[in-house]
Each structure stands twice: as C-alpha cells, then as structure tokens.
Amino acid sequence: MGAIADQKNAGHFLVFLFLWFLAAPALCRQSEPTNSATRSLFAQSAVEILQRNYARSEISYLLLDARSGAVLASHWENSEKPIPLGSLVKPFTALAYAGGHDFRYPIYECKGKASGCWQPQPHGKLDVISAVSVSCNTYFHLLAENVPPEQLATLAQAFGLESPGADSKAADLMGLGPQWRISPLHIVRAYLELYRRKDQPGVSPLIEGMRQSALHGTGAAIGHQLKQTTALVKTGTASCTHASWAPADGFVLALVPAERPEILLFLRIHSVTGAKAAETAGRMLRQMEE
Ligand SMILES: [Zn+2]
C-alpha cells in the first residue's frame, strides 16, 4: 500500500514540476524588478510625462516596460475588463491564418467601400505587410474567412487573449463589431509576446507592417512626430464602452523604439478613430524623446 501511495505522490510531484515548468517563465517575467535602476532613461521620461501631463485627462493609457512586461504607469479604469478593441486583433488573426497555411500570406485586392473597407478609395492589391500598415478591412475579412474558430482559439490561448467564441464570424475575427472582447492588459502583453516571437515563422511580416504603419499607414501621425526614433504601431477603432456614449473609441498601441522596444504605450481616446488617437500618441512620444 505504502509503495503505491509513494508512487502516487511521486506522480503528483512530477505533475507539479511539469506545471511549474510551464508557468514559471510567465510568473518570472511578471515579477522582474521594476525599480528605476533597471528602467531606461526613455522609460523614466515616459512615466514622468504621463504622470505630469495626462494623469487627470480623459485619455486612458497603459505604459509598459517592453523588456520586462512590467506596468510602469496606468490610467485606465477596469483595464482587466474585456472590451472590443477593433483592428488591434488583426495581427493575431493573421498569425492564426499563417499557422494553417505553411506560414505564407496571400495577396488580396481591396476595392475600398465596394469591398467593405473602412477607406472609401481602394487600397488595391495588398500583401500582409501593407494590409497591417493600412489596417485594410477587406484584406483581413478575406483572411479571417479562412481561419477556423478553433485555430484562432488555440492562438488566442497561446498569447493570453480571450477567445472570440466558437460561433464567431469572419467580421468578429478582424475586429468589426463588439463580439470579440479582450482585456486591455491582455492585449498589451500579447503584443509584447508577438514582438518576442519576431523571428518565428509568420511573425516578421506583421512586425514589418507595424513599422510601416508608423511611417505611412494608419499610425503615420506617430512617425511624423518622432524625430530621433521610430515606432511599431497598430491602431484600432471600436464600439465605445464609456458611460457617455460615442460612435466609437480610438485605440493606438506603440512599441518604441522600433529596433529594440523599451516601452509600450497603449491609448484609448473617446469618440475618435484609431488614426486620430495616433496623433495624440505621437505628441506624447515626442515629449518623451525630448
Ligand atoms: Zn482596404
């Protein structure tokens, strides 16, 4: 009897070890020291600018140390509560597609309003890099139609994102409509994870798309403001979840500098588009780099 119990205990211990092995990297990342000695000058400046100029504003923001994942500054009520984040989901849907298609992305043609894009004029033929950069709805709608919900659920889990649900349609998977709700804290960590995997198959075109977004895509307002550095940007426009209702809220997420991000800045601005929110983020980042 004793021997059987010992075997059972040993089995439990092995299961415990295995689970710890799985969980330890995530736990360690969260508990890394975040005192000012380990922060870059840029990150310290970012914290000061936000706390001095924006702590009482209506803008919601999260600032993370891009290396450790630590939250450096937060002004976002219920930042753990899932909300619609619009086009912020597109890179993850794209990666789920890539996983089922040999990590190759298609070329699709956008005909503007005629093909359901947010931009009235056609984006024309796009690869995934340009599609991320300009956040083309037509491209991602066609892509999402080829992503089985279970494949997306697996990817969402790997990146710590809420699942869009088994009954989600292509429109939900590209961030149209309020169906796929994600906590702001989860999406910022997922983007840090995406950057961490930049050398894995299928990821580098998404990162390149974010780099181009800041130069001439929906995040161009950030590129225009930055004088000494560059950024990786994704914008989003989603249904407003504020008490005082607006047609939409604008979101923008920026990793700065693009080459080796030190900070991640995520903003939500009431009643504007994502591209408009990028103007505010650009002004903030400009102050931070000075
Ligand atoms: Zn388009």
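Which residue in β9 is the bridge partner of F251? That residue is R268. This pairing is a handy way into the structure, which is a predicted model.

## Overview

The protein chain holds 11 helices and nine strands. Of its 290 residues, 51% count as buried. If you look at contacts in the protein chain with a sequence separation of 6 or more, residues 24 or more positions apart account for 61% of them.

## The five-stranded sheet

Five strands make up an open sheet, in the order β2-β1-β9-β8-β7, with antiparallel pairing. The edges belong to β2 and β7, each of which has a single partner strand, so one side of each is left without a neighbour in the sheet. From one strand to the next, the twist averages 10°.

Helix α11, residues 274–289, lies across β7, β8 and β9. Its direction is at about 135° to β9.

Let's start with β8, where eight of the eight residues are buried. In a regular strand, side chains alternate between the two faces of the sheet. Here D249, F251, L253 and L255 point one way, while G250, V252, A254 and V256 point the other way, and all are buried.

On one side, β8 runs antiparallel to β7, and seven bridges join the two. With strand β9 (residues 263–270), β8 pairs in the antiparallel sense over eight bridges. These two strands, β8 and β9, form a hairpin with six residues between them, and the F251 and R268 pair from the opening belongs to this pairing.

Strand β1 covers residues 60–65, and six of its six residues are buried, so the rest of the structure largely encloses it. Both faces are covered: S60, L62 and L64 lie on one side, with Y61, L63 and D65 on the other.

How many bridges pair β1 with β9? There are six, in the antiparallel sense, and L62 stands opposite F266 of β9. Strand β2 (residues 71–75) also pairs with β1 in the antiparallel sense, over four bridges, and L64 has V71 as its bridge partner there. Together β1 and β2 form a hairpin with five residues between them. In the turn, G69 has a positive phi of about 85°.

E77 is found in the loop between β2 and β3 (83–84). Is E77 buried or exposed? E77 is exposed: its relative accessible area is 67%, and the cut-off for that label is over 50%. Compare Y61, which is buried in β1. E77 and Y61 are 16 residues apart in sequence, and their C-alpha atoms are 9.5 Å apart in space.

## Helix α9

Helix α9 takes in residues 204–216. At 1.5 Å a residue, its 13 residues should span 18 Å, and the end C-alpha atoms are 18 Å apart, which agrees.

The buried residues of α9 are P205, L206, I207, G209, M210, Q212, S213 and A214. An α-helix has 3.6 residues a turn, so residues three or four places apart point the same way. The elements covering the buried residues of α9 include helices α3 (90–99), α4 (128–134), α8 (184–196) and α10 (220–225), along with strands β7 (232–238) and β8 (249–256). Both of those strands also belong to the five-stranded sheet.

## The zinc site

Which atoms coordinate the zinc ion? The donors are SG of C110, SG of C117, ND1 of H123 and SG of C136, at 2.0 to 2.4 Å. Angles of 102 to 116° between these four donor atoms make the arrangement tetrahedral, because four donors count as tetrahedral if all angles lie between 85 and 135 degrees.

In sequence, the donor residues are spaced C-x6-C-x5-H-x12-C. H123 lies in the loop between β4 (108–110) and β5 (124–126), and C136 in the loop between α4 and α5 (137–144), so this pair ties together parts that are 13 residues apart in sequence. Both H123 and C136 are buried.

Definitions and conventions
Residues numbered from 1 in each chain as written. Predicted model: local features only at pLDDT ≥ 70, side-chain atom pairs only at ≥ 80, totals over all residues. Heavy atoms only, no water. Expected span 1.5 Å × (residues − 1). Buried < 20%, exposed > 50% of the residue type's maximum accessible area, 1.4 Å probe, protein only. Contact = heavy atoms within 4.5 Å. Pairing = 2+ DSSP bridges. Donors = N, O, S within 2.8 Å, 3.2 Å for Na, K, Ca; no water. Tetrahedral: all angles 85-135°; square planar, octahedral: opposite > 155°, others 65-115°. Axes fitted to C-alpha atoms, helices over the stretch in contact; angles between N-to-C directions.
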